[in-house]
Amino acid sequence: VSIYRDKENISSADLRAQVGSFQMKLAKHLEMLNKISNMPETLKAADGSPMFPDVKSPKVEVATNIILDRLPNGSRALLFTDDPKFAEYMARTLSTRFPMMLHAVALSSMVRVFRNGVQTARHGRKKYTTSNGQTVPDAQWATHVLTNVIQANPEVVSLVLTKSFSVGQNLQSFDTVIHMDRDTFSSETMKQRTARAWRTGQRNVVDEFTLDTVYSNPVDNKDAT
């Protein structure tokens with residue numbers, strides 16, 4: 001901004017336009033960095049070949065190890081990310097890492113369930129009926145599905161949640177919370193994410209993990225993240 005501001009005879013309108021253009025360019029670079037840290041194996045070069053051959057998502061690998069380590073104790077995991085594509089990719093990939101177990105993802109318009117990399121169920125906005133015969137308004141579809149369908153099924157060992165589910169859900173059957181990103185560095189929102197598991201009726205300690213992608217061989221302290 002200072003570079004553009006200090007130019008001679010530049011109008012405020014031109015300043016806003018040039019700064020806006022720079023921000024758009026920067027956003028594209030940040031988006032690419034986010035994709036590299038989340039799903040490097042899905043990126044393609046211009047000729048269609050893999051951009052990063054033989055590279056796997058570090059976040060997927062670490063999350064898998066966390067769940068694997070805690071699974072024998074009956075732990076179930078909530079994972080959070082603001083990226084819907086990464087959320088779906090995460091749930092589908094986890095379902096291949098833990099054969100025969102169910103893994104779900106909650107997107108803004110649907111909840112999808114995977115087993116062995118294949119979708120086994122899909123729940124969307126509609127009126128549902130509870131086990132005691134009560135009708136659930138379609139506006140409350142997501143809460144009903146997450147509480148009475150996903151959480152109530154012990155075969156579901158992980159649930160990936162996107163931004164719209166950071167508040168308002170009672171998911172105390174899960175006791176591991178994994179932040180796949182820092183939610184734009186909003187500490188309050190991250191507290192709300194963890195609070196989905198730390199609800200009335202939670203009998204276990206809720207363990208919280210935040211995954212950050214870092215350089216494997218930092219040159220100096222400035223390369224730490």
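1. The model is predicted, so local features need pLDDT of at least 70 and side-chain atom pairs count only at pLDDT 80 or more, whereas totals for chains, interfaces and linings use all residues. Residues are numbered from 1 along each chain as its sequence is written, and side-chain values use heavy atoms, with hydrogens and water left out.

2. A ring does take part in a contact with a charge: the charged end of Arg76 sits over the ring of Phe174, 4.5 Å from its centre. The criterion is NZ of Lys or CZ of Arg within 6 Å of the ring centre and within 35 degrees of the ring normal.

3. Seven strands make up an open sheet of mixed pairing, in the order S4-S3-S2-S7-S1-S8-S9. On average, neighbouring strands are turned by 20 degrees against each other, direction ignored. Strands are DSSP runs (E, at least two residues), as are helices (H or I, at least four), numbered from the N terminus; two strands pair if DSSP finds at least two bridges between them.

4. Helix H3 (residues 58–70) packs on this sheet, touching S1 (77–80), S7 (156–161), S8 (176–179) and S9, and its direction makes about 175 degrees with that of S8. Helix H5 (residues 141–150) lies across S2, S3, S4 and S7, at about 25 degrees to S3. Contact means heavy atoms within 4.5 Å; axes are lines fitted to C-alpha atoms, for helices over the stretch in contact, and angles run from 0 to 180 degrees between N-to-C directions.

5. The structure holds eight salt bridges, each a side-chain nitrogen of Lys or Arg within 4 Å of a carboxyl oxygen of Asp or Glu. In one of them, the closest N and O atoms of Asp207 and Arg70 are 2.7 Å apart. This pair links strand S9 to helix H3 across 137 residues. Arg70 is buried at 17% relative accessible area, and Asp207 is partly exposed at 26% (buried: under 20%; exposed: over 50%; partly exposed: in between; 1.4 Å probe, protein chains only).

6. Asp82 and Arg193 form another salt bridge, with closest N and O atoms 3.5 Å apart. Asp82 lies in the loop between S1 and H4 and Arg193 in helix H6 (residues 187–195), so the pair ties together parts 111 residues apart in sequence. Salt bridges with shared partners join Asp82, Asp181 and Arg193 into one network.
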